[in-house]
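These are my notebook entries on a single structure.

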Amino acid sequence: PRKLYGIYIEKIFSDILKRNKDKVTFEVIRSSVIDIHHGNTSSVITIDDAGEKRKYCAHHVVFAIGFPSQKTVVLGKKVVESRRYISNIFDSSIHKIDSTNTSSITILGSGLTAVDAIMMLHKNNYKGKIVCLSRHGVFPQPHTKRVSPQVFLSRNENDYPNTVIDIFQTLQKNLLQQSYRGATWVGVMDSLRPMTQSLWKRLPDTEKEYFFQRTSSHSLEIDF
């Protein structure tokens, strides 16, 4: 699912660039950023390009470094260095597993990456046993097949409280009030989506930290 979604997003982005090629210049630089200096009107970004430091000037800098998840898996040195350990299922390693192999494969976690790994193994006609180790033991759930009625939510951010629990209770109250129409959590999330950015920005840092703590799993330490 994640790989297909990535291809879908890449296709949309590529189409946008083609339609705006006279207005937008886009370049991918595969290097590590080692320093950012912010000035009054611009920022200077320093990258490490094969040992050589290069600088770029930008009016705006966006940090797109992924979700700061605490779902950290701390693996022992023996595991990481083992030829049986696959850290990235999207490289060629998983495709090299013998499809006739009758041994077992253990997947740490049961999220979207686990689903991708299982689908890849199935596509390769893997015959062995697959075991998922998960604290919750729950796979990602799809949207309902039927269209969920829209849940009418206020678009005024000032109508919402500024704590995570209170926002959740407000959404739950709206859902209960409109459940007679067949409304579900799917409709709640669809209606809330245009508001997520503004609601998140309004939250104090302590509430953002609380949200991450409540939605992140404990770390897992493994060594053999």
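Entry 1, cysteines. I took a disulfide to be a pair of cysteine sulfur atoms within 2.5 Å. The model I searched is a predicted one. By that criterion I found zero disulfides in the structure. I then looked up the accessibility of two cysteines. C57 has a relative accessibility of 62% and is classed as exposed, because that value lies over 50%. C132, at 27% relative accessibility, counts as partly exposed.

Entry 2, sheet. I asked in what order the three strands of the open sheet run. The order is β1-β2-β3, and the pairing is antiparallel. Which strands stand at the edges? I noted β1 (32-38) and β3 (52-58) there; each has a single partner strand, so one side of each lacks a neighbour in the sheet. I recorded that neighbouring strands of this sheet are turned against each other by 25 degrees on average, direction ignored.

I next examined how β1 pairs with β2, which covers residues 43-49. The two strands are joined in the antiparallel sense over six bridges. Within this pair, I located V33 opposite I47 of β2.

I followed up I12, which I placed in helix α1, residues 2-19. Its relative accessible area is 34%, and I12 is therefore partly exposed, as this value falls between 20% and 50%.

Key
Residues are numbered from 1 along each chain as its sequence is written. This is a predicted model: local features need pLDDT of at least 70, side-chain atom pairs count only at pLDDT 80 or more; totals for chains, interfaces and linings use all residues. Side-chain values use heavy atoms; hydrogens and water are left out. Two strands pair if DSSP finds at least two bridges between them. Helices (H or I, at least four residues) and strands (E, at least two) are DSSP runs, numbered from the N terminus. Axes are lines fitted to C-alpha atoms, for helices over the stretch in contact, and angles run from 0 to 180 degrees between N-to-C directions. Buried means under 20% relative accessible area, exposed over 50%, partly exposed in between (1.4 Å probe, protein chains only).
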